[in-house]
Amino acid sequence: MRIYLVRPDTKYYEQYNEMMREWTESNTDIAPWFLNKPFNDINEFERYVNLLLKYETESVDPKYTTQSDYFAVDEDDRLVGAGRLAHNLYADIYDENGSGFNVWGHIGYGVRPSERKKGYGTQIARLLLEKARGRNILKVFAGVHDSNTGSIRVIENCGGILEKIVSIPEDTEQIRIYSIDNK
């Protein structure tokens, strides 16, 4: 089944909550970082959606760049995951003491637990690479936890070359940093 990236929208309120409950119950890492807990009401979710849309043109923190956040939906408009594209990296990607986008790179993605191992992660990553090309980002970086074999396969399926493995103070696990020639 084909996957599409769509802008966050309140019409996904129920599906979003369902997806996040599933993720929480699975006890697996939630990615990309902008995904949040289920929301108590539509107004709270609407504020969240508006904040995600604001990230595209405004940085919410001086150490982070602007970014485009997407929900990933299938052909039936069912929410299966999410993706993020950082528009810039502020510091040298090789800075082992870096954090945030400087380690995690330009793209981040996640697939809800019940939809994994269907190729959706690779589709989301490839769509994010298209979005990056549209912003003239021709060398894309992605960070992946060393134990996340599924995500490592996704990045390598997209042409990722392992550049370095780093450790950062705020994470107990090593992180693989990949580059992707995005021309």
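Biologist: In this predicted model, which strand holds histidine 145?
Modeller: The model is predicted, not experimental in origin. Strand β5 covers residues 139–145. Histidine 145 has its place in that strand, β5.

Biologist: Is histidine 145 buried or exposed?
Modeller: Its relative accessibility is 18%. Buried means under 20%. Histidine 145 therefore counts as buried.

Biologist: Take aspartate 29 next. Where is aspartate 29 found?
Modeller: Helix α2 spans 42–54. Helix α1 covers residues 13–26. Aspartate 29 sits in the loop between α1 and α2.

Biologist: Is aspartate 29 buried or exposed?
Modeller: Exposed means over 50% relative accessible area. Aspartate 29 has 61% relative accessibility, so the residue counts as exposed.

Biologist: Which residues does aspartate 29 touch, not counting those up to four places away in sequence?
Modeller: Seen from aspartate 29, the residues touched are Trp23, Arg116 and His145.

Biologist: How many Å apart in space are aspartate 29 and tyrosine 13?
Modeller: The two are 16 residues apart in sequence. From C-alpha to C-alpha, aspartate 29 and tyrosine 13 are apart by 21 Å.

Biologist: Back to β5. What is the strand order in the open sheet of 3 strands?
Modeller: The pairing is antiparallel. β5 and β6 (161–166) stand at the edges, each with a single partner strand, so one side of each has no neighbour in the sheet. Neighbouring strands are turned by 25 degrees against each other on average, direction ignored. The order is β5-β7-β6.

Biologist: What is the order in the open sheet of 4 strands?
Modeller: Pairing here is antiparallel. The edge strands, β1 (3–6) and β4 (107–111), each pair on one side only. The order is β1-β2-β3-β4.

Biologist: Which residue in β4 does arginine 84 stand opposite?
Modeller: Strand β3 (residues 79–86) and β4 run antiparallel, with 5 bridges joining them. Arginine 84 has as its opposite residue in β4 glycine 108.

Biologist: At about what angle does helix α1 run to β3?
Modeller: Helix α1 lies across β2 (67–74), β3 and β4. Its angle to β3 is about 90 degrees.

Biologist: Which element gives the most residues to the lining of the largest pocket?
Modeller: About 1100 Å³ of space lies in this pocket. Of its 44 lining residues, the closest to the centre are Ala31, Tyr109, Gly110, Asn148 and Ser151. Elements giving two or more residues are α3 (101–104), β4, α4 (120–134), β5 and α5 (149–157). With 7 residues, the element that gives the most is α5.

Biologist: How many residues in the lining of the largest pocket are charged?
Modeller: The lining has 17 nonpolar and 16 polar residues. Its charged residues come to 11.

Biologist: How much space lies in the largest cavity?
Modeller: The count is 1 cavity of 30 Å³ or more. Trp33, Tyr55, Glu58, Val60, Tyr64, Thr65, Thr66 and Gln67 line the largest cavity. By class, this lining has 4 nonpolar, 3 polar and 1 charged. Its space is about 40 Å³.

How values were computed. Residues numbered from 1 in each chain as written. Predicted model: local features only at pLDDT ≥ 70, side-chain atom pairs only at ≥ 80, totals over all residues. Heavy atoms only, no water. 1 Å grid on protein atoms, 1.4 Å probe; cavity = no way out; pocket = protein on both sides within 12 Å on 5 of 7 lines; lining within 4 Å. Points joined across faces, edges and corners; volume = space filled by probe spheres on them. Nonpolar A, V, L, I, M, F, W, Y, C, P; charged D, E, K, R; others polar. Pairing = 2+ DSSP bridges. Contact = heavy atoms within 4.5 Å. Axes fitted to C-alpha atoms, helices over the stretch in contact; angles between N-to-C directions. Buried < 20%, exposed > 50% of the residue type's maximum accessible area, 1.4 Å probe, protein only.
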